[in-house]
Amino acid sequence: MNLPDGTRGGVRYRRTLVLALVAGIGAVALLVAAAVLVYARADHALRSQAEARVRGTAALAAQLVGEQNTRFSELVQTHADALGLAFKRPLEHLSPAQAAQVAGELRSLNATTSGLRAAALVSPEGRLVASAPPVPRLYGQSFAGRDWYRGVTAVRSPYVSRVFLAADGPKTVTVAALVHPARSGRVIGILTVGLQHRTQELADEFARSQGIRLTVTDQSGSLVARSGASSNALMSLRDDPGVLAALQGRPVSGERNGALVGYAPVPTTGWTVSASLPTSVAFADVYSLRTLLILVALVLGALLAALTGGLVVVLRRGERAQRAEAERFRGLLESAPDATVIVDESGEIVLINDQMVRLSGYTREELTGRHVEVLIPEGRRAGHEIRRAAFFAHPAARSMGEGLQLRAVRKDGSELPVEVSLGPVESEQGTLVSAAVRDITTRVETEAELRLLGEITRNMAEGVILIRTSDWTIAYANPKFEQMFGYEPGELTDRPVEIINAGGDAPRETVASIQAALALHGSWSGEVNNVKKDGTEFWCWANVSNFEHPEHGVVSVAVHTDITERKAAEEERLRLASVVDVADTLQHAILGPVDHELPDSAAACYRPAVRPLEVGGDWYDVIDLPAERLGLIVGDCVGRGIKAAAVMGQLRSVSHSLMLQGKTPRDVLCDLDVFAQRIPAARCTTVFCALVDPAARTVRYSSAGHPPALLAHHDQNSEWLEHGSSLPLAVAVADRAEATAELTPGCTLALYTDGLVERRGLPLDDGLAQLRQIIERERDRSVQRLANLIVDEMQPAGSEDDVALLLYRLPRVQPPRFTVAVPADPAELSRLRRGLREWLSAEGYAADSDEVVLSVCEALSNSIEHAYDFDPCGLIDLRAEIEASRLTVTITDNGRWKVPDPNATQRGRGLTLIEAIMDDYTIETGNGTTVRLRKELARER
């Protein structure tokens, strides 16, 4: 049989077909070349003949025109001589009688001479003397500017001039000089004669008799005559290169404007004649020859194409028959389940199928023609050549996969395990070998995985079982699993998996949930409540995943780890965490107001020394009093930890109550003395109490053994409030001191506990100086940022004392405010955006306006949607104010918020934006909702 493409049989048919086509194309090329050569030579001969014809015609016409002009010049000269004999002196000296005589002579000459149309005498200076027919209005007029006048006076002989226009048509003028017989060479006058020239008739005659068009020009290139046409205006042909050459005495020929033209000069007069034939007439023989050659070439080409086509058809039929046989073989080859390669005795690959292309990574073209050893690992190629030679010595079908570890190599260099079966194939090229190659990578890997899995599961520290997914029975349990659950070896095999799960219907529910997770994700992990053989329940962490097992089919592999101790530890940790949460809640309840509960003019920072306690013996308090006054208290109990926190809570509550009763700082400390005497642990507590009156710009203060407060004015001056000092609480004191200090716009009042300024091994003055330096340096910061900065810089790492810091700042002026009531209509937000942005820009904070407007509008949108459900009748109050570059925005509504949709997936974007843009925010609910946004702004410089 013949093999498909790529074999010798297919190549032979294609080679024969190519040779036939090349022979046909070569014959056609030779015919075309011969036809082109014949045509070129004939074309050259015929064109030369046509050019000779027009050149000869032009020369003949030029001779005839010259002879005609000569006869005409002689006739005029004869009459001029006759007039010269009658008059011996220059014409300008004629008397009137003589002039009349000259006119009579001209009339006689005009009447008696054939062909004359007009005659005139001109003086040597060019003035008209007489004419026939007479033109009295022109007598005396100068014609010295005419070309014929200049020609006659220059050559002193007859001069044939160019055509000019007259009322009854074009005329050719011939002029002659009158020469005095006694004085040789003296011009006594010029005779001009006009007659109908015969040149146009000559041109027309040539056109009629020979079919050639003539064109005649004078000495300047102006048109004299043209076949079949008469000029009605002066026309120059001097720009024609052929006319210019003829004027210079050189006859030429060439193609011009679709015609073949020959140019010749006219003898004696300097005129030119051109004879022209249309190229369709001049080269009619050339065109006929070309048409004949084309027809001959077409006929020969058609005959050759028919012969070549017949040969191609015969070859194609043979090739189709071979291809049909090859395709049947290829169909069988491609339908083979394995990758197949056919190799000849030399080891050269003759044919492969698509499975081999996918297996090897080579393309069909890359493998065909190469040695089969390219598919064998390099270390095994020598042995393969020996086995290939042995096969061709005794060709017979055999399987080489049994008992042999065979490997193949891909194009990328990777190796894979294979099985190979061989079989002989008889063809026109002799005996070939067909090798079917099967990739057994998956089988080898599976076997290795099973061996490894068996080894691992037998020796794992965790319990492992295999569960058949067909009926959810246990197929295998490793020794650790059997020991963990209290079963004998092999006792769990073929038992339902529910036997290891605890609690009534719970086992079935647990198995169902695991089955659902495996069907959806292919794996499951989680805690399961298991039960041992003796009924003891315990907790395990299970990892379950599906696996294809060659014996049991799809199985679920479950790895169990006993987490009983960890579960107990987690429960204890949760119990302790709940206790700590309760303690933290109680501690925060007695600590004092947090940041969002403080007025914008005050800020506090608290750091306990004992962790995880959130409070200790130090405390602070800010009390809102009538007339916009504020009570400020900072205290420090003796000791630390929960005992000191308990005393602190009592003292803070009592001092808060005393301030609300309107007592002065001195009276508050006196009453605290009485209270502290009843609590042994409160003895020696230090307290600084201050009453701030912003309207009066004063602070009244009293100190019970506490470090002095710092009053930092905005003009860089600072003072320590030391005048109202006395002993700590519960120490025998008859009375308490009180003092008053003046506040200035923008000043900062700092109250603190000794843990902020005391350093082990360093003087107290160093800590006080550092506090003063920081406040004076950072006085332009907001009070909240300033409080955090002070504690961060001054509290040493690992400090053993609590720290409490309370700051108050008197505004320099009334803080800028922006207030508006916004209807609960989203359309109103555009007006609000514009107004808020203009207010921020006017206050010098344009850089932050976009972020602030975005956050505020997000908060307003929440109120519009949730509080009022887009009801335009609802109103939302918005108030924004700036104090020391700190912006506070308060948004209040009186609506009732909707219950959030639990199925909504795109919620919470507004709060996320607010949290990312603003420094902090709070949401208070009750009769309506109040949202406060705060941000430190950057003022433009």
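User: Which residues make the nonpolar surface patch of about 500 Å²?

Analyst: This is a predicted model, so read every feature here as computed. The patch is made by Leu-31, Leu-292, Val-296, Val-299, Leu-300 and Leu-303.

User: Which helix gives the most to the nonpolar patch?

Analyst: Helix H7, residues 284-334, gives the most, with five residues. Leu-31 sits elsewhere, in helix H1, which spans residues 8-86.

User: Is Leu-31 buried, partly exposed or exposed?

Analyst: Start from the cut-offs: under 20% relative accessible area is buried, over 50% is exposed, and partly exposed lies in between. Leu-31 has a relative accessible area of 35%, so Leu-31 is partly exposed. A patch residue needs over 30%.

User: Where is Glu-628, in terms of strands?

Analyst: Glu-628 is in a loop, between strand E23 (618-625) and strand E24 (629-636). Its relative accessible area is 71%, so Glu-628 is exposed.

User: What is the phi of Asp-869, and where is this residue found?

Analyst: Asp-869 is not a glycine, and its phi is positive, near 55 degrees. The loop that holds Asp-869 runs between helix H20 (849-867) and strand E34 (875-883). At 48% relative accessibility, Asp-869 counts as partly exposed, because exposed requires over 50%.

User: Next, the peptide bond from Ala-132 to Pro-133. Is it cis or trans?

Analyst: Read omega. For the bond from Ala-132 to Pro-133, omega is near 0 degrees, and the bond is cis. Pro-133 lies in the loop between strand E2 (128-132) and helix H3 (147-155).

User: Last, Thr-217. Is this residue buried or exposed?

Analyst: Thr-217 has 1% relative accessibility, so it counts as buried. Thr-217 belongs to strand E6, residues 213-217.

User: Which side chain makes a polar contact with the side chain of Thr-217?

Analyst: That of Thr-272, at 2.3 Å. The cut-off for a polar contact is 3.5 Å.

User: Which residues does Thr-217 touch, not counting those up to four places away in sequence?

Analyst: Thr-217 touches Ser-222, Leu-223, Val-224, Leu-237, Val-243, Trp-271 and Thr-272.

Conventions:
Residues are numbered from 1 along each chain as its sequence is written. This is a predicted model: local features need pLDDT of at least 70, side-chain atom pairs count only at pLDDT 80 or more; totals for chains, interfaces and linings use all residues. Side-chain values use heavy atoms; hydrogens and water are left out. Helices (H or I, at least four residues) and strands (E, at least two) are DSSP runs, numbered from the N terminus. Buried means under 20% relative accessible area, exposed over 50%, partly exposed in between (1.4 Å probe, protein chains only). Patches are made of residues with over 30% relative accessible area and no salt bridge: like charges are joined within 9 Å, nonpolar side chains (Val, Leu, Ile, Met, Phe, Trp, Tyr) within 5 Å. Accessible areas come from the Shrake-Rupley method with a 1.4 Å probe; for residues, only the protein chains shown count as cover. A salt bridge is a side-chain nitrogen of Lys or Arg within 4 Å of a carboxyl oxygen of Asp or Glu. A polar contact is a pair of N or O atoms within 3.5 Å; within protein, one must be able to donate a hydrogen and the other to accept it, and residues adjacent in sequence count only if both atoms are side-chain atoms. Contact means heavy atoms within 4.5 Å.
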